[in-house]
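Here is a quick walk through one model, piece by piece. Keep the viewer open while you read.

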Amino acid sequence: MEALYHLHKNNLFLMNLYFIGQMFLMGLFYGSLTCMKVQKRIIYSTTALVLTGIGIQSWFDYEQFFQYNLFVIVITNLSVIVFAIFHLYNMLSSEKKYYYVTIGLLMYLLATTMVFVVGNINAKLNNEVKFMLWTFNSILVVLYYLFILYEWKVSFLFKKKDKPSFF
């Protein structure tokens, strides 16, 4: 995105691709984690419906894909939030698998969705407020990565069979 920006090229389509890809991959991820057929069907159906909706929007208004597309941002993020909530609900009565990743993802998506919704009026704000919003978004990304790192440490770093033995 940065390279396209410096070449004075439109890079907003990459943002739309990111949100679409994130929703698709997280749909596959959370769909694979759930054992309930109803939830699995809801997750996969929602993913397909959202992708179809975005495809229809792009078909009728091709230029929307190359602009700041609030519909794509909101619908994809809200879908992933619902998938994550399904997973949290399932963990109430089962093993806490990918718990910290899910908590971090929820915090990140809820907050950044608001930042991106404000992005529509962002162009009218002064540079100081814009900088604060994107700094806040950057901090949220780092916090999310820290949740992922902690999940990796707790779940994968030293499995019982992999712990080093000193005696």
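## Around L4

Leaving aside residues up to four places away in sequence, L4 touches K9, N10, N11, F13 and L14. This is a predicted model, by the way, so treat what follows as a reading of that prediction. L4 itself sits in helix α1, which covers residues 2–6.

Is L4 buried, exposed or partly exposed? With a relative accessible area of 23%, L4 is partly exposed.

## Q22 in α2

Next stop is Q22, which is found in helix α2. Its relative accessibility is 12%; buried means under 20%, so Q22 counts as buried.

Which residues does Q22 touch, once those up to four places away in sequence are set aside? They are N77, V80 and L109.

## α3 against α4

Now for a pair of helices: α3 takes in residues 37–60 and α4 residues 70–91. Their axes come within 11 Å and cross at roughly 175°. Angles over 145 degrees count as roughly antiparallel, and that is therefore how α3 and α4 run relative to each other. On the α3 side, the contact is made by Q39, I42, I43, T46, T47, V50, G53, I54 and Q57. From α4 come F71, V72, I75, T76, S79, F83, F86, Y89 and N90. Sorted by class, the contact of α3 with α4 has ten nonpolar residues, eight polar ones and no charged residues.

What about α3 on its own? Its 24 residues, at 1.5 Å a residue, should span 34 Å, and the C-alpha atoms at its ends are 34 Å apart, so the two values agree. Buried residues in α3 are Q39, I43, T47, V50, I54, Q57 and S58. What covers them includes α4 and also α2, which runs over 12–33.

## Aromatic pairs

How many aromatic pairs are there, counting rings whose centres lie within 6.5 Å? The count comes to 13. Take F29 and Y30: their ring centres are 4.9 Å apart and their planes lie at 65°, so this pair is edge-to-face. F29 is partly exposed at 23% relative accessible area, whereas Y30 is down at 1% and counts as buried.

Y99 and Y100 also form an edge-to-face pair, with 5.2 Å centre to centre and 80° between the planes. Here Y99 is partly exposed, with a relative accessible area of 29%, and Y100 is partly exposed too, at 27%. Elsewhere, ring pairs link F13, Y62, F65 and F66 into a cluster.

For context, most residues other than glycine have a negative phi.

Where does Y98 lie? It is in the loop between α4 and α5, the latter covering 99–122. At 21% relative accessibility, Y98 counts as partly exposed.

Conventions:
Residues numbered from 1 in each chain as written. Predicted model: local features only at pLDDT ≥ 70, side-chain atom pairs only at ≥ 80, totals over all residues. Heavy atoms only, no water. Axes fitted to C-alpha atoms, helices over the stretch in contact; angles between N-to-C directions. Helix = DSSP H or I, 4+ residues; strand = E, 2+ residues; numbered from the N terminus. Parallel < 35°, antiparallel > 145°, perpendicular 65-115°, else oblique. Contact = heavy atoms within 4.5 Å. Nonpolar A, V, L, I, M, F, W, Y, C, P; charged D, E, K, R; others polar. Expected span 1.5 Å × (residues − 1). Buried < 20%, exposed > 50% of the residue type's maximum accessible area, 1.4 Å probe, protein only. Phe/Tyr/Trp six-rings, centres within 6.5 Å; stacked < 30°, edge-to-face > 60°.
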